[in-house]
Amino acid sequence: MQIAIPAERLAGESRVAATPETVKKLVAMGHAVVVEAGAGNMAAVPDAAYAEAGATLAASRAAVLAQGDIVLTVRPLPEDAIAELKEGAVLIGQLAPFQNTTFPQLAARKVSAFAMELLPRTTRAQSMDVLSSQNNIAGYRAVLLATHYYPRFMPMLMTAAGTVKPARVLIMGVGVAGLQAIATAKRLGAVVEATDVRPSTKEQVESLGGKFIEVPMSEEEKKANDGVYAKEMSDDYKRRQAELVAKHARQADIIITTALIPGKKAPTLISREIVAAMKPGSVIIDIAAEAGGNCELTVPGEVHRTDNGVSVVGLYNLPGLLAADASSLYAKNLLTFLSLMLSKEGFTLNLEDDLLAATLVTHDGQVRFPAAN
Ligand code: NAD
């Protein structure tokens with residue numbers, strides 16, 4: 001089989017879907033890999049490294065896609081690229097299934113497209129879980145980004161010139177990104193608090209040395225939120241949460257928000273009133289900016305300073321700020337996923353496999369997402 005790696009087209013996307021390490025493994029399996037020239041430049045992978053690993057390089061996207069039986073991407077292909085795909089090609093990437101409007105075109109070209117965001121959160125899927133590998137990076141990078149805008153130290157320091165207080169960091173949403181943000185902020189010496197709608201996260205926060213802020217919940221609410229993903233909360237819960245958050249936000253120097261609900265706009269957790277009550281010099285990093293943001297004042301894709309001196313950071317694609325490691329982990333996720341279908345012997349798409357069935361959004365001329373119930 002021919003595996004094609006086009007350069008990413010989305011503005012600011014610095015990652016790439018294959019690395020020399022994954023190319024070598026595909027070549028060792030007896031397959032051919034073609035990479036668009038320059039595809040790895042922003043991820044610290046020069047063309048020569050791909051060539052050394054056994055890939056061929058092609059000068060244009062059209063030339064790459066024309067050869068691809070299997071196409072690996074980080075982001076959805078732009079609409080004009082779909083016509084360049086081979087009919088019946090396999091496409092694997094983060095296809096933004098809840099926002100993507102190109103599935104009918106992909107189906108019309110008989111593409112078998114896999115949206116990696118739809119991978120079930122099961123033990124078998126862990127090594128292919130792109131949300132985990134990338135959100136882990138986002139959580140780490142969010143803390144470092146906060147230190148860039150925060151005009152004070154993170155750790156407590158006792159110096160001859162005086163004592164510096166440690167920063168108080170509040171993490172909202174304790175999934176993969178939130179847990180890594182807690183660990184990173186702790187390593188830098190901050191005092192960390194965190195909150196989540198899923199009661200099971202309390203133990204995880206405490207095991208990392210953070211303090212869990214518990215919004216009082218009825219037994220019914222606790223039961224509804226004992227799964228891996230959060231549910232949208234009632235207005236009454238949101239009111240209770242806002243009151244508690246307002247109290248802790250006033251004391252926080254840095255707030256990192258990561259709260260997401262799959263397929264929905266991110267919940268608003270920080271109102272403009274809360275921001276207005278924060279201290280000058282404090283910082284909000286809104287990792288959920290791309291999904292609409294957790295802070296009412298987030299300007300998606302931008303950084304701005306409020307009148308009371310709070311920096312609100314809504315930059316997109318934090319994993320892209322660590323493009324080399326983000327690409328390396330992402331490429332390994334894709335290779336492991338691809339191994340469910342591709343071996344030395346060839347390619348087989350087994351629709352009985354729950355991981356393949358859950359992620360396959362177009363196949364055999366049909367759009368399969370969202371699945372009809
Ligand atoms: P996510 O990115 O979907 O959401 C981030 C966090 O925001 C979640 O913890 C969620 O509960 C929280 N949240 C949502 N609404 C909120 C609100 N209104 N207020 C406060 N917090 C809110 O989450 P994720 O990082 O994808 O992780 C989701 C779960 O999946 C976690 O339990 C994680 O441990 C689990 N997981 C399992 C596997 C696996 O077994 N393969 C892999 C990765 C993650």
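In the predicted model, a polar side-chain atom of Gln 241 lies 2.9 Å from a nitrogen atom of the ligand, a polar contact being a pair of N or O atoms within 3.5 Å. A polar side-chain atom of Arg 198 is placed 2.7 Å from an oxygen atom of the ligand, while a backbone N or O atom of Thr 122 lies 3.0 Å from a ligand nitrogen atom. The protein covers 89% of the 850 Å² of accessible area that the ligand has on its own, as computed by the Shrake-Rupley method with a 1.4 Å probe. Of the 21 residues around the ligand, those that come nearest are Arg 121, Ser 132, Val 176, Asp 196 and Arg 198, a residue being counted as near if one of its heavy atoms lies within 4 Å. This shell comprises 10 nonpolar, 7 polar and 4 charged residues, with Asp, Glu, Lys and Arg taken as charged and Gly among the polar residues.

The domain assignment, which is automatic or from a database, divides the protein chain into domain 1 (2-118 + 323-365) and domain 2 (138-316), and the C-alpha centres of domain 1 and domain 2 are 34 Å apart.

Residues are numbered from 1 along each chain as its sequence is written. Local features in this predicted model need pLDDT of at least 70 and side-chain atom pairs count only at pLDDT 80 or more, whereas totals for chains, interfaces and linings use all residues, and side-chain values use heavy atoms, with hydrogens and water left out.

Conventions:
A polar contact is a pair of N or O atoms within 3.5 Å; within protein, one must be able to donate a hydrogen and the other to accept it, and residues adjacent in sequence count only if both atoms are side-chain atoms.
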